[in-house]
Amino acid sequence: MHLVVCIKQVPDSAQIRVHPVTNTIMRQGVPTIINPHDLAALEEALKLCEAYGGEVTVVTMGPKMAEDALRKALTFGAHRAVLLTDRHFAGSDTLATSFALAQAIAEIGETFGTPDVVFTGKQTIDGDTAQVGPGIAKRLDLQQLTYVAKILSIDAASREITVERRAEGGSQILRTRLPCLVTMLDGADAIRRGRLDDALRAARTKVVKWSAADAGIAEPANCGLRGSPTVVKRVFAPTSREQKARQIDTTNKPLREVADGLIAAIFADQPALKHDLGFLGSTGQQGVPDVDRES
Amino acid sequence: MTKEKFDAIVVGAGMSGNAAAYAMASRGLKVLQLERGEYPGSKNVQGAIMYANMLEAIIPDFRNDAPLERHLVEQRFWIMDDTSHTGMHYRSDDFNEVTPNRYTIIRAQFDKWLSRKVCEAGGTVLCETTATGLEWDSAGKAIGVRTDRAGDVVLADVVVLAEGVNGLLGTRAGLREVPKSKNVALAVKELHFLPEEVIASRFGLTGDEGCVIEAGGTISRGMAGLGFLYTNKESISLGIGCLISNFAETMERPYALLDAFKRHPSIQPLIAGSEVKEYAAHLIPEGGFNAIPRLCGNGWVVVGDAAQLNNAVHREGSNLAMASGRMAGEAISIIKSRGGVMDKASLSLYKTILDKSFVVEDLSKQKDMPSLLHTNSPNFFTTYPQLISHAAQNFVRVDGTPKIEREIATTAAFLRARSRWGLVSDAVRLASAWR
C-alpha cells in the first residue's frame, strides 16, 4: 500500500505575538512546527503501513527550510520525503497550492507507485481554510473523506476503506472505495516517537527536491501568486475588548432579587437582547424560565 | 536487526561536540552525533562571545557563512555599587580588522550552522535523541551507547562525551564526579530585542561593530559573580551569574539578581524600550584546573564543559570547548589511521595534546583564582566595589571641601573596611593567583 501524506511547515501559532504598538504580526524568532493536524494524518498513515504493509511518502510545498519538517517526518518513520520548492510557488493561495500538490502527487504516483490513500490534516493552523485537501481530491478525482477521526479498516481485496467521521452532533461511519483522500482531525493519537533505526535512516535519507517542472507542471501560470485569485486586503489585530467585571453584592439577598438584578444588568448593557428575547414588561413577567424560588 | 557500528559516537552537539564531530567526519571517520535538543543549539546557552581563532582552526573560512552578530571593538569593565559604576573602557579601531578576533553570536543559530558543517563533512546527526547510558564490554571498555529511542545499542570504537557541564552519562558511569557546587556557577540571561539603529546609537557603533560590558560588584550581593551585557545585531544579551554554593548559602534568587541588574541606573537606559524574547539559565564550570576530571579511559574521552574546561578569569569557555573537541577528534583520527585500539593508553594522546595547548596552560596558570574569589567573595564583590565607587565620587565631586580631606577620607574608608593587613593580603593573594 502506498500512502502519501501532505504536510505543511507552519509557524508555531502559540508563539506568535502581535506587536503592541504597530499591531503587526511579529514573525521574528517564531519557531516552525509541522501543522499538528498533519501529524495526526502521518500517524494514521504509519499505523496503516504497519497493519497492511507498504510505504509512506511525505510531501510538502514550501521554501528550502521546509526540508526540516520533512526530515522530522522521516524520523517518525516515513519512508520517503518530497519537497516541492520553486520560486514559481511563492504566494500560492489554496487554489494554487492544491493545484501544485495534486500535480506533485500525480508525479509521485508515476515515480514511486500510485497512492492508495492521500492524507492531509483537516486544515493548517496558519491558514485555517481546510480547502487544500478537498482541492487535491477534486483535481485527482479521488473519493473524499473529510474530518476523519479514525480509520476503522481497509479491505485490501475489495479495496474499500471505512472511517469514522466527526460530524455535528455525532459521528458518521463512512465507507468508500480506494484510492481516496482523507483529511484527518487531530487528537485521535499523538504522533509516535520514531525508533532509533528510523531516526538513523532519516538522517541519511536524501529528501527528494522537485521544482515545478520536475513535478510535471508545464504551465507555471497556475502556480504561486499568478495562479492565486485570493487577495489579502488587510491583516489586522482585532482591537482588544476591555471590559471590567461588575460585582453584585449578594449577601443576605433572596435569589430572586439576585437573578433579577443580573438580568437587569445584562439588559441595561444590551437593550436589543431584551427585545429579541421577547421581554415586554418588567423582568420576570415573560420569557424567564420558572426558577426554583428562594431555594 | 544488525547493530549499527560507527568509528565514533559524539554525545552532545554544543561547541565541543560539534568541533570533535567535525574534526573526525572531515577526516573520513564514520561519526554519529547524538543531541537531545530539537535541533543543535536549542538547549545550548551562552552569553555569547566567540573567539575566532579557535573556530578558524576547525573551519578556516567560517566568516563566509557563519551566523555572526557583531565583531567586538569595545570592551567595558565595570565595577558597580548600587547607584554607580566605575569603568574601564577599551575601544580600538585595531579590532576593525579583516579577520576580527571576537564576535558576539547567538548560540541557537551558531550551533545549527556548525552542525550543518558536521553533516556536510559526512557526520550523521540525530536530534531529539538522548544518550541514556554507556555500553561496556566484559573488559571494561566503552563500546557504544543506549538511547531513549526504541531499538538497539549503537556501537562505536570510541565515545566522545561532549555532554556539557551537567553531563549525566559520564557521572552515572562513574567516569567523573558530579561537579561540586563551589565549582559551578548558575547564570541567567535575557535576550532583549531593540532595533539595530537604537543599539548602534546607544553604544556608538557603526555597521557590525559591537560592544560588551562585563560588570562586577554589589550586583552579585556579595557572591562571587559577574554581570554581562553583549550587543548582538538586533538584540542585547543581558545576564548575571554566581556560584551555586553562594546561591545556596545566601538563598538569593537568580532572577531577582537579574531583575535588579536590569534596573540598575547604569544598565536601565541601555535596554530601555526593549522587548524580552528569551529567558535562559545555564550552569558554567568555574572550578578551573583543579576541577578537571579524568579526560580519557578505555573507549571514551571527555571534552568541553563536561571536562570542566572553562577559564573563569578570562571568561573563556566555548573556545576551550572547541579546542578540546577538535584535539580529541584529531587524536582519535590519528589513532584510527594507525589502526590502533581506542583504549586508555592510545587515547591519552588527547590528554597529551591538550596538556601542551593553551587550554591547560591557561587553566593551570590561574588554578588558585577560583578558590580565592570563592573564599573572599564579600570583599571582592561588595566591599571593594563600594570603596572604589566612594573614592571615584570623592575625586570628581566638587563641593568646597579641601582635596586633602577627601583623600584622607578615601584612605580611611579603605582601612576601615579591610584593615592595612587585609588590603595587603588581598593584593598579594590576588596577584599570586593571577600569576
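Mentor: Start with Arg71(A), Leu74(A) and Thr75(A) in α2(A), which meet Asp198(A), Ala199(A) and Ala202(A) in α5(A). The model is predicted: local features need pLDDT of at least 70, side-chain atom pairs count only at pLDDT 80 or more, and totals for chains, interfaces and linings use all residues. Residues are numbered from 1 along each chain as its sequence is written, while chains are lettered from A and ligands numbered from 1 in the order in which they are written.

Trainee: What makes two residues count as in contact?

Mentor: Their C-beta atoms, placed from the backbone, must lie within 7 Å. The residues where α2(A) touches α5(A) divide into three nonpolar, one polar and two charged. Nonpolar means Ala, Val, Leu, Ile, Met, Phe, Trp, Tyr, Cys and Pro; charged means Asp, Glu, Lys and Arg; the others, Gly among them, are polar.

Trainee: Why is α2(A) called roughly antiparallel to α5(A)?

Mentor: The axes of α2 (residues 67-76) and α5 (residues 196-204) of chain A come within 7 Å and cross at roughly 150°. That angle makes α2(A) roughly antiparallel to α5(A). The cut-offs: under 35 degrees is roughly parallel, over 145 roughly antiparallel, 65 to 115 roughly perpendicular, and the rest oblique. Axes are lines fitted to C-alpha atoms, for helices over the stretch in contact, and angles run from 0 to 180 degrees between N-to-C directions.

Trainee: What makes α1(B) roughly parallel to α9(B)?

Mentor: Helix α1 (residues 15-25) and helix α9 (residues 318-337) of chain B pack at about 30°, with axes 7 Å apart. So α1(B) is roughly parallel to α9(B). Their crossing is right-handed. The contact divides into nine nonpolar, eight polar and two charged residues.

Trainee: At what angle do α9(B) and α10(B) pack?

Mentor: About 140°, with the axes of α9(B) and α10 (residues 344-356) of chain B 9 Å apart. That crossing is right-handed too. Residues in contact include Met327(B) and Ala331(B) of α9(B), and Leu347(B) and Tyr350(B) of α10(B). By class there are ten nonpolar, two polar and no charged residues.

Trainee: Which residues of α4(A) are buried?

Mentor: In helix α4 (residues 132-140) of chain A, Val132(A), Gly133(A), Gly135(A), Ile136(A) and Ala137(A) are buried. Buried means 20 or more other C-beta atoms within 10 Å of the residue's own, exposed means 12 or fewer, and partly exposed lies in between, with C-beta atoms placed from the backbone. Their cover includes α3 (94-112), β8 (117-121), β9 (143-155) and β12 (180-184) of chain A. Just after α4(A), Asp141(A) takes a positive phi of about 55°.

Trainee: How many helices and strands has chain A?

Mentor: Seven helices and 13 strands. These are DSSP runs, numbered from the N terminus: helices are H or I of at least four residues, strands E of at least two. Of the 295 residues of chain A, 35% count as buried.

Terms used. Left-handed = near helix turned anticlockwise from the far one by under 90°.
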